[in-house]
Amino acid sequence: MKRPLPKNSLFWSFLLLGAAIRLYAAWLYRHTINLDAGVVALMAKHIAEGRDYPIFFYGQPHMGSLEAFCSAFFIKLLGANGFAVNLGTAFISFWILPIVYKWGKLASNQRAGLFAMAFCLIGPFSFFHYNGSPRGGYAAALTFGAFLLMKATEMALKWKQEKHQRHLDFFILGLAAGLAWWSSQLTTAAILVAALLLLISLGIHAFSLRIFNGLFGFILGSFPLWLYNLQHQWATFRFTNSMGQTRYFRALKWFYTDRFSLLFFPSNAPPILNLFLSLLYLSFVSLGIALLVYAGKKKKEALFWNLLGIYLFTLTFSALFASSHLSILATPRYSLPLVAPLAVLIAICLTQLPPRISHWVASIPLLFLIAVQCPTLFDRSTERAHAYLYEQVQQLGQTARSHHLNIIYAPVDFRSWNFILQEEFIFSNLKGEVYPPYAQQAELAALEDLSVLDDYGDLSDFLTRTSRSVRNIHTPGHDLSTEFTPPLPQKILRPDIIQRIQDQQGREWTQALTSTSKTENFSDQPGTSWQQLTIELKEETPLSGLRLWPENAMTLPDQVTLEGKTVSGQWISLTAQTGKNEYFWSGNRFFWGSPFYRLQFHFPTQSFTSLRLQYKGDDIHNWAVFKHLDLLSPLHDSPDPSNSLPQLFQILNQRNIQNLYADRWESTQIFKASYGKIATALPADLFEHSLDITLPDLPFDPTYAILSSASDAWQTREVLLKSQAAFEEKIIGPWTLFTSTQTQTLTGLSWNGSFLFEHPARQAQVLWENGDQSTAIAINPHLAQPPHPDTSTPVIFKNGIQLLGLESSPLSLKAGESFSLNLLWKIPENIPAKEYAVFAHFKQAQHMFTGDHVLLDTVADTFLSYPADHRQFSESYRITVPSDSPAGTYTLWLGLYNRASNKRLPPQSEFKTKDRAVALPVSITIQPAS
């Protein structure tokens, strides 16, 4: 008669099998092109090379780099390849096997430990995948979470049984909790439940030296987290902003139904199998609850404390899940920490069955669950797809190499290509780059080094608007755009050639769009139908371009097109319809986004009497806000700026210029030439010592200089003269350099990359605060006589913003006609007004039309800086009554909401309030159609 296989042999066999399965997973996913896996791979490569030692997952300051450090060890051994990176993940995940073994053994017996191990050898698909493919913190979250629950249960049980607990165990538990929380905040529930179990078990005895040992271990384990946060304004804890952004009980329902099935049920399984699995898992959960009650009554401490820990964890984890933004993401990966507790629960249930049920019969449900997991091992579809795409990446690399392209702008999904091609080329997304050195290199690159992958950022629309040529190179599966042709030099025409600028509703915007003295912006709600802004010239003028300076890149219409009117009265199309994007030309290369973003149109030179910008939005919430408009004409015989750079740099050094206000291209060139010693206005999120152009006043002493195009320097000169600044100017090649002759501050001036803006309200504010109130009033008469509304409407919102009054005229009109809604606000000094929006709903029975808009959107930002006791602002919005509006009297319901959260602010008012909207004492009568 053969002796049964010793259980220790099974334990070691399971360990070897689990290691082999994880090695297999690491090999299976060696060609992974997932964006998150690519970031872990890059981190591991940088650590192995000694280039960088990141504390957190690049771009995510809440997922620790422990996994990357493990992968770096294997890269040292095997080189920088996908298999070596995956081995770090496999190494961390391997330890979950002995943990669940000990946990199951602690709860029931050795057979339970083996059952729990068996369930976790392969596990559900997502579990298997994240045990062999890196994602930053999931493998660590699984392993540490399971250890914390097992260790805390063991400690609680030991206290109950022996009334003794080693101080070292508290230190070990705290150390593991610190490492867990640094690695992933998905372990929060495990940490809380571990602490709760010890508190319940030890009671008042927990508050002794033991708690300090645990706390010391936690601080030591999570030390990298605290070090990082001290240096980065507590960025890790911003994840708490995601709490409470979904309906709690709906999210809780998702957790126990949809998310559970996504994790534990095979994809594309027949309904009958899913039904059977549902009943089987429900049986285990129900049996576990019954065993918990039974263990409590019968004083079976081991069974009771382990089941209590499992169910407390499940409830705590689901509660945290339902209160966070993770609940809205239909993915199983955020539920992965449930796998180990469920494995132990299943093992407990199967080993606590009545003795008359044989071991083999008890094993049948587990064998069935493992059989359901096994197809995962033989699914090669993901591996084949990744291998195919991996080959495409290699072919694209060969193309980039042959064309000497160093920088490739590509969507975030392609950031793993940096590792695949060993960083021979830089694939960088245009905004939100998780590894800033890539974006820095892209910012400083020359035009000939740039290319764009697959029309990223709607490059074709940008080139269409600016009439520029490009070469498109086809590679398998992708296109590369390169060999860009920059626009010819152009100059800004003086605004006195403009007769008027009007929108289609007849509103005059000439002063708002042509003056450098900023008191008002152009603002309009494009809507979903085409609208237009017409620029009429005093006489026929040769033009080659139009440039609009938006409030920011978000305040652009979704679609634009430009037309020109010839002397014969014919309108001709200058650009095709294009969507909005953030590309723009500066110098001889294009850039993306702030600072100094502008919407540009370049076209072949022709004489026109008018230009017409047509625009529209994709929805009613889109707003277009522009600060300034420039008309452009050809600039002949302009020196090549590249040839003049050495002379410019020499003069800057001679004059000891340490800070230079210039356009984007010039800023990059001077930054490179001075190795960053001369500060320029580059993107502040990429360059630590870039000039702050958001200040309300412009520093201007002998260490500062302003660099303007020589042909456009008249604008900067006029503003400096008006501000009575002391300055000198010198022409250097295509530029004019303005330098200061004394230490001074240019009050209320700001630099936009091309010229200076003057903000009278800021100048008046400083004069008022310095006691020169008469001059302040001369600049800003509202300081002496704030505007008074026709209708007083005292409404105070929760954040302190007040609606003082309003007027609307006319009060009676026909459908399809427009009227002005004028509102008077008082804004507390510490409230950023434009973070809020006004909803103005004109209601009559079941019908409504709106005048929603961003609060004070037509008011220039710096104009908001009134002295604290005079922060009253008048705004006027043009509203068109929909042509299908029925006749009747419409009451105005008005309120405010936060643009980020879309939550309405509670109002306090003497008027009727409903749904946080106030019924104001003003109405509009729509006359019957004639």
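I take contact to mean heavy atoms within 4.5 Å.

**Entry 1: the whole chain**

I am working with a predicted model, where local features need pLDDT of at least 70, side-chain atom pairs count only at pLDDT 80 or more, and totals for chains, interfaces and linings use all residues. Residues are numbered from 1 along each chain as its sequence is written, and side-chain values use heavy atoms, with hydrogens and water left out.

Next I checked burial (buried is under 20% relative accessible area, exposed over 50%, partly exposed in between, with a 1.4 Å probe and protein chains only). Of 930 residues in the protein chain, 56% are buried. Along the principal axes, the C-alpha atoms fill a box of roughly 110 × 70 × 55 Å.

I then looked up the helices and strands, which are DSSP runs numbered from the N terminus (helices are H or I, at least four residues; strands are E, at least two). The protein chain has 28 helices and 38 strands.

**Entry 2: two helices**

I picked α13 (residues 248-264) and α15 (residues 301-322); their axes come within 8 Å and cross at roughly 125°. Axes here are lines fitted to C-alpha atoms, for helices over the stretch in contact, and angles run from 0 to 180 degrees between N-to-C directions. Under 35 degrees is roughly parallel, over 145 roughly antiparallel, 65 to 115 roughly perpendicular, and the rest oblique. I therefore note α13 and α15 as oblique to each other. Among the residues making the contact are Tyr248, Phe255 and Arg259 of α13, and Thr314, Phe317 and Phe321 of α15.

**Entry 3: cysteines**

How many disulfides does the structure hold? I found zero, taking a disulfide as a pair of cysteine sulfur atoms within 2.5 Å. Cys70 is in none; the nearest cysteine sulfur, that of Cys120, is 19 Å away. Cys70 is buried, at 18% relative accessible area. For Cys120, the closest cysteine sulfur is in Cys374, 14 Å from its own and too far for a bond. Cys120 is buried too, at 0%.

**Entry 4: Ser885**

Where does Ser885 sit? I found Ser885 in the loop between β34 (872-880) and β35 (888-898). Ser885 is buried, with a relative accessible area of 13%. Its side chain reaches the backbone oxygen of Pro882 at 3.0 Å. Leaving out residues up to four places away in sequence, I list Ala815, Phe849, Tyr890 and Ile926 as touched by Ser885.

Technical notes:
Polar contact = N/O pair within 3.5 Å; in protein donor to acceptor, adjacent residues only side chain to side chain.
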